[in-house]
Amino acid sequence: MTDSTANTPNDPAGPWAIPVRRPLPGEDKPRSTTSFPRKVWNLLVGIKDALALIFLLLFFVALFGLLAGRPNAGLPVSQGALLIELDGIVSEQPSEVDPLAALSGGAQLKEIRVRDVVHALEVAADDKRVTSVVLDLDRFLGGGQVSLAEIGAAVDKVRAKKKPVLAFATAYTTDSYQVAAHASEIWADGIGGVAIAGPGGSRLYYKGLMDRLGITAHIYRVGTFKSAVEPFLRTDQSPEAKEADLAYASVLWDNWLTDVKRARPAAKLDAFIADTAGAVRAAGNDLSKASVDAGLVDKVGSRMAFNRRVAEISGTADDSKPWEYNAIPLENWVAANPPSTSGSTIAVVPVVGEIVDGEAPSGVAGGETVAKHILDAATDGSVKAIVLRVDSPGGSVLASEEIRQALLAAKAKKLPIVVSMANVAASGGYWVSTPADRIFAEPETITGSIGVFGILPSFDQALAKIGVNADGIATTPLSGQPDVFGGVNDEFNALAQASVEDIYARFTGLVAKSRKQPIEKIRTIAEGRVWAGGTARQIGLVDQFGGLPDALKAAAKLAKVDGEFHAKYFEDEPSEFSKMLASWSGAEKETAALPRGWFGIAAMNRQLTERRLVQDLTMLTQAGSVQASCLDCRAYLPAVPRPGQAEAKGFFATMAFLLR
């Protein structure tokens with residue numbers, strides 16, 4: 001007799017399987033012995049394991065992205081054309097990609113570091129691996145005039161070595177043509193050409209709208225020419241502001257014309273600019289032909305024709321594809337040719353973008369961040385001197401003073417301080433320059449704007465229009481002030497104005513002491529007036545003309561450095577993670593979609609104007625502290641969206657916090 005539960009020879013469980021009793025017909029199945037808390041625990045453990053796997057996967061994907069996203073120091077070809085694609089804008093310090101904006105699908109213009117372009121060209125001039133240089137300006141939206149002149153001068157060094165430099169764009173504007181003019185061959189697409197606008201344009205004034213809405217902007221300022229707040233006080237530009245703007249814009253324009261005419265002496269530049277529409281009509285409404293007739297463009301052709309021309313000079317890897325020339329991308333070339341680190345160390349600390357309180361990422365000059373970089377340089381035993389590279393329209397007075405104090409601490413350690421002004425060094429940008437032993441600027445630099453202001457809005461009239469009124473009690477004249485609902489009283493206005501006047505007196509006093517000039521003279525050239533670099537040198541705000549290399553030489557001389565020296569930058573770099581995030585999230589898709597034709601570029605400039613509108617409104621509602629800022633100067637810098645800024649501090653910051 002055999003046991004029915006025994007394993008059969010064919011049972012895969014084998015002879016040692018545990019017998020399992022099956023329920024008889026009609027008998028209920030046994031209930032699960034697993035308790036509810038146990039089930040919940042198992043669920044949580046499963047979720048934990050799943051999240052761990054997801055995060056592990058993301059980690060390896062991010063690691064791959066970081067490694068793959070870094071420029072490769074290896075060159076794709078042994079010899080070829082150095083390809084410089086200026087898609088977007090050039091800037092002193094590319095800004096950090098905002099992760100939240102990137103994840104939400106926000107777009108950010110690509111920024112190419114000026115010193116990378118200049119260094120790449122200077123190395124290429126003497127390197128046999130580079131047989132030509134290609135300037136792809138098809139999607140170039142420009143940069144500051146000083147930056148463009150530096151790139152142009154670097155192109156001249158390549159041409160001085162008898163190497164061809166070819167530029168291509170569908171349509172050239174004021175900024176892109178300043179760079180292209182230095183090329184040996186300028187190409188334009190048949191549906192494009194050259195259209196030079198020059199500096200100038202209109203600004204928006206909000207006084208009429210604010211009156212209609214019942215919004216009162218309480219402005220506290222010092223300086224006849226402090227036009228940063230005029231859009232909230234007037235419906236048009238004041239005669240004083242118009243005079244100052246025209247003066248420095250005319251200097252910039254004259255310098256632009258001089259630069260381009262020197263690069264292309266045979267071009268009929270003046271006649272073409274004076275009557276571009278007439279020149280186009282004479283060419284049968286063909287802008288590209290009119291550009292050739294005026295000598296501004298050498299050849300008209302498609303990108304494929306241009307590429308074939310480059311291939312004739314620098315060769316192609318595949319003879320069956322003559323439109324694909326041997327190219328060495330800028331990123332690879334920069335990675336393969338790092339700057340020299342031989343000799344003594346001169347620290348370079350950039351002050352780029354708006355000066356704001358607290359810490360800030362690259363592209364914005366956070367007071368704490370820049371001060372820390374200065375102090376790090378001062379405590380670095382290898383540093384012999386400090387060069388402050390300023391490209392800023394100013395901003396918070398408190399942040400500017402924090403940077404100045406750090407420079408004074410460096411001077412106390414017997415380190416020479418030299419300031420190198422780039423495109424703009426105005427208001428707070430000049431405030432931080434006052435401790436310098438020597439100030440360098442270019443004739444195209446915009447500087448000065450020695451004046452301060454504060455701004456706070458109130459909405460009592462707006463509320464009254466909809467039947468809402470404010471009332472309450474006060475134990476002191478400043479109780480509840482500034483009252484955005486009931487109105488700002490005279491006592492608060494007097495206190496705020498006194499605060500601004502005190503800071504203005506400090507500002508002019510700093511300038512008088514640093515420039516060794518009588519305070520009376522400084523007062524006549526201050527009052528918020530903006531000056532071009534050439535005029536600034538004449539009136540004593542600048543010591544001499546020169547770029548960053550000249551400032552480095554002067555710093556080395558002041559530090560009594562014998563022999564070679566090199567620059568060491570103390571700054572925050574955009575993180576590899578933010579670059580990867582921008583690439584993956586599509587935050588750089590705006591660069592790929594940049595316009596190419598003349599109408600497209602005009603439309604893009606409209607979008608940049610809209611960004612300046614946002615900057616205006618942000619200043620009205622979130623200025624937060626007394627400002628040493630030149631709003632007009634921002635028109636001469638690319639209007640790029642910047643990462644979130646640190647919160648302001650001080651008297652006006654407290655008032656702004658109470659208004660939230």
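# Exercises on a predicted model

Arg506 and Asp502 both sit in helix H17 (residues 490–515), four residues apart, about one turn of the helix. The structure is a predicted model.

**Exercise 1.** Find out how the side chains of Arg506 and Asp502 meet, and describe the exposure of each residue.

Solution. 
- Step 1: An α-helix has 3.6 residues a turn, so residues three or four places apart point the same way.
- Step 2: The side chains of Arg506 and Asp502 form a salt bridge, with 3.0 Å from N to O. The cut-off for such a pair is 4 Å.
- Step 3: Arg506 has a relative accessible area of 53% and is exposed, while Asp502, at 36%, is partly exposed.

**Exercise 2.** Helix H17 also holds Arg515. Determine the salt-bridge partner of Arg515 and where that partner lies.

Solution. 
- Step 1: Arg515 forms a salt bridge with Asp543, and their closest N and O atoms are 2.6 Å apart.
- Step 2: This pair links distant parts of the chain, as Asp543 is in the loop between helix H19 (533–538) and strand S20 (544–545), 28 residues apart from Arg515.
- Step 3: Arg515 is buried at 12% relative accessible area, because buried means under 20%. Asp543 is partly exposed at 23%.
- Step 4: Elsewhere, salt bridges that share partners join Arg113, Arg115, Asp116 and Glu571 into one network.

**Exercise 3.** Describe the salt bridge of Asp126 with Lys161 and give the count of salt bridges in the model.

Solution. 
- Step 1: The closest N and O atoms of Asp126 and Lys161 are 3.3 Å apart.
- Step 2: Asp126 belongs to helix H3 (residues 114–126), and Lys161 to the loop between helix H4 (145–160) and strand S5 (165–172). The two residues are 35 residues apart, and the pair links distant parts of the chain.
- Step 3: Asp126 is exposed, at 57% relative accessible area; Lys161 is partly exposed, at 46%.
- Step 4: The count comes to 25 salt bridges.

**Exercise 4.** Describe the disulfide of Cys630 and Cys633.

Solution. 
- Step 1: A disulfide is a covalent bond between the sulfur atoms of two cysteines.
- Step 2: The sulfur atoms of Cys630 and Cys633 are 2.0 Å apart, and the cut-off is 2.5 Å. The count in this model is one disulfide.
- Step 3: The link of Cys630 and Cys633 is right-handed, with 75 degrees about the S-S bond.
- Step 4: Cys630 is buried at 3% relative accessible area, and Cys633 is buried at 0%.

Notes: Residues numbered from 1 in each chain as written. Predicted model: local features only at pLDDT ≥ 70, side-chain atom pairs only at ≥ 80, totals over all residues. Heavy atoms only, no water. Buried < 20%, exposed > 50% of the residue type's maximum accessible area, 1.4 Å probe, protein only.
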